[in-house]
Amino acid sequence: MDSTTLIAIASIVTAGLTIALGSIGPALGEGRAVATALSSLAQQPDAATTITRTLCVGLAMIESIAIYCFVVSMILIFANPFWGHIIAQAAGK
Amino acid sequence: MRLSPDEMIFWQLGFLKLNGTIVFTWGLMFVLAVGSMLITRKLSTELKRSRWQNLLEIVVTGIEKQIEDVGLRHPKKYIGFLGTLFLFVALASLCTVIPGYEPPTGSLSTTAALALCVFVAVPFFGIEEQGLGGYLKSYVEPTVIMLPFNIISELSRTLALAVRLFGNMMSGTMILAILLTITPFIFPIAMSALGLLTGMVQAYIFSILAAVYIASATRARKPKLEPAVRG
């Protein structure tokens with residue numbers, strides 16, 4: 001197996017694994033955040049706007065982790081730094 | 001597969017490139033500036049006012065109330081910066097309904113520039129409110145050991161602002177592009193509606209986070225005595 005194939009396999013597998021594993025944590029965290037927000041809304045309905053706003057801000061922070069994983073996997077697929085280098089090397093040979 | 005509007009080149013002269021990001025940013029700036037200028041040419045304070053003026057007033061008072069809720073005491077000082085951040089990012093995401101348009105916030109350059117503006121604005125407002133010594137002293141709170149951590153947290157939250165907005169915008173356009181090659185027409189419309197929603201939420205998040213950072217930098221360190229009589 002030459003290095004081009006190896007780099008391709010590693011990039012594709014890592015990209016898939018990154019986004020798959022990287023979405024588990026944020027999804028669980030967001031579920032807990034929404035559940036707590038709902039129970040506190042049930043306890044104090046007149047603080048609804050504050051709770052909703054804080055919930056949205058918290059969800060966006062948690063979502064960023066999933067977004068980082070998505071960006072890494074997109075970089076591996078579309079803007080792979082090693083791929084360009086190895087193709088240039090193979091073309092130069 | 002285009003990763004960002006940086007790759008749409010409209011015009012090129014040597015190394016000066018007029019790419020999609022720059023052109024769409026100029027278009028947004030033009031719409032915001034000229035639109036506001038046209039609407040505010042004839043302001044009226046009576047009950048009868050044009051609907052555009054009503055729209056602008058709703059937007060401005062809404063943003064002022066949000067800034068005040070975050071804890072900044074004189075929202076008029078900050079609404080220029082924070083309001084512009086919100087309106088730019090929101091309009092950039094709303095205009096995706098126009099065919100042929102790519103949001104300039106889908107390019108890391110634009111979001112990095114916006115995050116750098118926030119990075120510069122936080123010490124600016126902090127020093128304006130508390131003086132240079134007072135602001136620098138906030139870095140060694142609660143103990144001197146926290147100094148490197150405070151500095152690192154400043155840098156990392158700027159980076160997080162940029163990557164969060166970039167990731168959300170880029171993923172929206174990319175999922176749309178991928179879906180259009182698979183199932184044209186119905187499913188991409190649902191995804192583009194979701195993209196609009198996340199665009200507005202991200203605009204709100206960006207400006208609220210900027211407001212929270214500025215609020216934490218301008219927070220009074222010693223509790224001031226509130227006047228006994230509140231007007």
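Visitor: At what angle do helix α3 (residues 48-78) of chain A and α6(B) pack?
Guide: This is a predicted model. In it, the axes of α3(A) and α6(B) are 10 Å apart. The packing angle is about 100°.

Visitor: Are α3(A) and α6(B) roughly parallel or roughly perpendicular to each other?
Guide: Start from the angle of about 100°. Angles of 65 to 115 degrees count as roughly perpendicular. The two helices, α3(A) and α6(B), are therefore roughly perpendicular.

Visitor: Which residues make the contact of α3(A) with α6(B), and are they nonpolar or charged?
Guide: From α3(A) come A:Cys56, A:Val57 and A:Ala60. From α6(B) come B:Val201, B:Ile205 and B:Ile208. No polar and no charged residues take part in this contact. The six residues are nonpolar.

Visitor: Which residues does B:Ala210 contact, leaving aside its neighbours within four places in sequence?
Guide: Sequence neighbours within four places are set aside here. The contacts are then B:Leu82, B:Leu85 and B:Val118.

Visitor: In chain A, where is confidence highest?
Guide: Chain A averages a pLDDT of 88. Confidence is lowest in α4(A), residues 81-92, at a mean of 79. Confidence is highest, at 95, in helix α2 (residues 24-43) of chain A.

Note on methods
Residues are numbered from 1 along each chain as its sequence is written. Chains are lettered from A and ligands numbered from 1 in the order in which they are written. This is a predicted model: local features need pLDDT of at least 70, side-chain atom pairs count only at pLDDT 80 or more; totals for chains, interfaces and linings use all residues. Two residues are in contact if their C-beta atoms, placed from the backbone, lie within 7 Å. pLDDT is the predictor's confidence in each residue, from 0 to 100. Helices (H or I, at least four residues) and strands (E, at least two) are DSSP runs, numbered from the N terminus. Axes are lines fitted to C-alpha atoms, for helices over the stretch in contact, and angles run from 0 to 180 degrees between N-to-C directions. Angles under 35 degrees count as roughly parallel, over 145 as roughly antiparallel, 65 to 115 as roughly perpendicular and the rest as oblique. Ala, Val, Leu, Ile, Met, Phe, Trp, Tyr, Cys and Pro count as nonpolar, Asp, Glu, Lys and Arg as charged, and the others, Gly among them, as polar.
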